Amino acid sequence: MSTVETVLPAAVRNGVRDLVLVLADSKRLLGMRYAEWMLGAPELEASIACSSMAQDEWGHARLLYALLRDFGEDVQHVEHGREAEDYCNMEALDRAPESWPGLVALNALVDTALTTQLHALRDSSYAPLRQRVGKLLEEERFHGAHAAAWIKRLARSGPQARAAMAAALQELLPGVLRWFGPDSPRTSLAAAAVVDAEGDALRARFIERVRPLFEEVGLTAVVPAPDFNGFDEARRRCTRTGPDAETLVRVRGDKNRAFLMD
Amino acid sequence: MVYEVFARKNRGEPLRHIGNLNAPDDDLARVYAYNTYDEEKWFDMWVVPRDRLLEVFNRGDGEPSAPEARKDAQRGAAAATSGA
């Protein structure tokens with residue numbers, strides 16, 4: 001009997017596996033988005049910051065994927081063998097941002113959303129995640145600080161940069177808000193004490209964290225009510241597709257397939 | 001702006017100068033210091049703008065204790081003179 005069967009009630013087992021995969025895929029993709037700016041960020045120190053955040057996210061993804069073994073998943077296949085529509089990453093990560101403000105917006109909203117979700121697992125009834133989440137949150141501390149410092153800098157460096165930053169944040173917000181899912185999910189992980197909040201409660205925590213960033217660029221964060229039409233609760237996405245073709249090749253490591261070892 | 005970075009391994013030890021970085025403001029200086037120098041496990045880490053380091057005295061003659069700071073000051077003075 002696997003560890004998961006002994007600790008998780010059958011009713012929430014799939015829900016927990018889905019959550020782990022959603023987090024792992026999102027962190028793997030977010031790490032890739034950071035890594036794309038290791039060269040070409042506005043200054044050398046920002047490139048180093050991107051490299052450092054990429055390492056953090058990839059480390060977290062690795063750790064999360066490994067948990068899937070307890071659910072009977074073939075982790076090698078999960079990491080290297082899936083098609084785009086099997087990925088459960090946040091939709092905002094499907095394609096690369098085209099500009100530095102776009103990357104900062106991912107840093108500010110996507111990274112913070114993932115961290116908000118991790119926070120909700122600090123006292124989880126699912127012990128393997130509870131035991132690891134503290135270390136992950138510790139490493140996330142400066143990701144939010146990086147986003148906040150850059151938004152402040154761009155907001156104060158002139159109307160053009162401020163407008164570009166505001167537009168990038170506004171574009172991502174609705175999708176990220178929806179990502180937290182409906183208030184009454186089909187499988188309630190809160191009811192099984194896997195998380196201490198979900199749906200609207202989690203969304204409210206997220207909004208509290210990011211509100212000052214919107215104010216910095218002159219937006220009074222009017223929070224749109226999420227539209228859950230077509231929302232797949234397992235993948236936490238509305239679109240059936242996944243990462244774009246270029247992203248998929250890189251994230252699966254297709255070109256490195258010959259070098260894979262157990 | 002150049003910031004100098006200080007850290008110590010354990011509580012109670014003296015602060016050590018571990019490097020410097022370029023940042024436009026204090027907030028980014030903190031973030032960049034963490035990203036750049038946190039490979040080791042430090043007890044605490046501090047940044048200070050280089051121009052806020054005040055020389056108390058300097059016994060070296062042509063061998064300043066803070067060579068980069070001195071060089072910057074000299075460059076500044078030279079620029080001011082040539083501009084005049």
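**Exercise 1. Classify how α3(A) packs against α1(B) in this predicted model.**

Step 1. Take the geometry. Helix α3 (residues 44-67) of chain A and helix α1 (residues 26-37) of chain B pack at about 60°, and their axes are 9 Å apart. Axes are lines fitted to C-alpha atoms, for helices over the stretch in contact, and angles run from 0 to 180 degrees between N-to-C directions. Helices (H or I, at least four residues) and strands (E, at least two) are DSSP runs, numbered from the N terminus.

Step 2. Apply the classes. Angles under 35 degrees count as roughly parallel, over 145 as roughly antiparallel, 65 to 115 as roughly perpendicular and the rest as oblique. α3(A) and α1(B) are therefore oblique to each other.

Step 3. The crossing of α3(A) and α1(B) is left-handed: the near helix is turned anticlockwise from the far one by less than a right angle, whereas clockwise would be right-handed.

Step 4. List the residues. From α3(A), E45(A), I48(A), A49(A) and S52(A) meet V31(B), Y32(B), N35(B) and T36(B) of α1(B). Contact requires C-beta atoms, placed from the backbone, within 7 Å. By class, this contact has four nonpolar, three polar and one charged residues. Here Ala, Val, Leu, Ile, Met, Phe, Trp, Tyr, Cys and Pro count as nonpolar, Asp, Glu, Lys and Arg as charged, and the others, Gly among them, as polar.

A note on conventions. Residues are numbered from 1 along each chain as its sequence is written, with chains lettered from A and ligands numbered from 1 in the order in which they are written. Because the model is predicted, local features need pLDDT of at least 70 and side-chain atom pairs count only at pLDDT 80 or more, while totals for chains, interfaces and linings use all residues.

**Exercise 2. Compare the surroundings of A193(A) and R236(A).**

Step 1. Check phi. A193(A) has phi near 60°, a positive value in a residue other than glycine. R236(A) has phi near 55°, a positive value in a residue other than glycine.

Step 2. Locate them. A193(A) lies in the loop between α7 and α8 (199-216) of chain A. R236(A) is in the loop between α8 and α9 (245-252) of chain A.

Step 3. Count neighbours. A residue is buried if 20 or more other C-beta atoms lie within 10 Å of its own, exposed if 12 or fewer, and partly exposed in between; C-beta atoms are placed from the backbone. A193(A) has 12 C-beta neighbours inside 10 Å, so A193(A) counts as exposed. R236(A) has 23 other C-beta atoms within 10 Å, so R236(A) is buried.

How values were computed
Two residues are in contact if their C-beta atoms, placed from the backbone, lie within 7 Å.
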